[in-house]
Amino acid sequence: MALCFVSCSASSGPIQQLSTSESQKNHRLSRIVKTIVQISAQSRSISSSPIDSLRRGNWVKLICGASFEDVVDVRNLSLVYTLAGVDCIDCAAEASVVNAVNEGIEAARQIAPVRRPWVMVSVNDDEDLHFRKAEFDPLDCPPDCSRPCERVCPADAIPPARLIMDEESPRKSGVITERCYGCGRCLHSCPYDKISSITYVRDAASTLQLLRRDDVDAIEIHTNARQTDSFKELWNSLAASVSHVKLVAVSLPDVGDSTLSCMKSLYSIMKPNLTCHNLWQLDGRPMSGDIGRGTTRETIAFAVRLAAIRDKPCGFLQLAGGTNSHTVDSLKKVELFQNTLDPENYSGEACSPKDVSNSEAIIGGVAYGGYARKIVGRVLHELQNKHGVTGVENHPLYLEESLREAMALVGSIKDYDLSKYEMELYHG
């Protein structure tokens, strides 16, 4: 069931940070631990394996961002969403970012005995919206510009002009590169057309090294679904290390009638070296979930269309691109939320009925990116503004508030109920 907090809502005002003693901090942390342990005990959906979550349709993935490389935020986001019970954390295929994710996970497990989510790294086979950075010369901005780019940036990657110019060594770029994740909203907002973007492709050799790490569990390949040559080249270069992971995901957009044939081609390329489960990420409206309710429509429509196809290739289906707090309700309206499939509905050669469990969900789960970062990020940013760079676990009031937001989102899929623990957690 969906969570409803009696003490605070997503629109609540700023946190009033109190001067707390160590004993008070420990008391608050102990309440958090007790609540999480109790929820885990009564909900197998956040204690079972990630693959079981995909089979049941309650898989939840946090997308830190394929290009988001702010290691402080990544670490704190990973900590909070690990405690909230996500199955997987998807991040940039960059060693420092992977380290930050794992540090956040381990910090969460020091707080409470929660299951370790899988760590997934994201790469691309060609130019892709998720793999770009905005840039502009702040000295080139007209002095009378109202700088709408600052207001539209969801990542706070464009600092005010006064901060840029006040620095001892003025920035060569008006964008904080590690925070930009390529949404592109600033490109269209600049009244003087001063902002451009740089696209890039992740280095295959570096990715190979990451896949051999014990703390990396999955890989996601972003492809444009219009041609397969670049995908085949990347896949062949990674083949030696793919055997180390537990899940291979392919993220692709809806390209209409060509989608199915492309999926079949991609699967035929992967199949000879595929020794683990695979997943298709249905990328509806990329990097838009934080904008508003309507952004989830495209991924829902994508899911409805693919769910009706009998001869699609093997692999779990997972929603992404525009996902937010309205996604689960939208899935329920089209009767795809945790509904199981009929093996007899598979007729293609790529996936025979015997390979499909009759208790397997049609839609394996949902990945949340911009929206998940937004609801927790506003708490983390307030923490950083008041206390500087720090771990969220060192400030229990902020940890409680960020957990409230994360649990409300994750709980809508995991079906755990906080109502009987609210008073203890937030007023105990």
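This is a predicted model: local features need pLDDT of at least 70, side-chain atom pairs count only at pLDDT 80 or more; totals for chains, interfaces and linings use all residues.
The crossing of the pair is right-handed.

On the α3 side, the contact is formed by L79, V80, Y81, L83 and A84. These residues meet L399, S402, L403, A406, M407, L409 and V410 of α14. By class, eleven of the contacting residues are nonpolar and one is polar, whereas none is charged.

A further site of interest is T327, which is located in helix α12, a segment covering residues 327–333. The relative accessibility of T327 is 0%, and the residue is therefore classed as buried, the cut-off being under 20%. Leaving aside residues up to four places away in sequence, T327 touches T296, I300, L319, G322 and V366.

For the chain as a whole, the secondary structure comprises 15 helices and ten strands. Of the 428 residues in the chain, 56% are buried. The accessible surface amounts to about 18000 Å², and carbon and sulfur atoms account for 49% of this area. Among contacts between residues at least 6 apart in sequence, 80% link residues that are at least 24 apart.

Conventions:
Residues are numbered from 1 along each chain as its sequence is written. Side-chain values use heavy atoms; hydrogens and water are left out. A crossing is left-handed if the near helix is turned anticlockwise from the far one by less than a right angle, and right-handed if clockwise. Helices (H or I, at least four residues) and strands (E, at least two) are DSSP runs, numbered from the N terminus. Contact means heavy atoms within 4.5 Å. Ala, Val, Leu, Ile, Met, Phe, Trp, Tyr, Cys and Pro count as nonpolar, Asp, Glu, Lys and Arg as charged, and the others, Gly among them, as polar. Buried means under 20% relative accessible area, exposed over 50%, partly exposed in between (1.4 Å probe, protein chains only). Accessible areas come from the Shrake-Rupley method with a 1.4 Å probe; for residues, only the protein chains shown count as cover.
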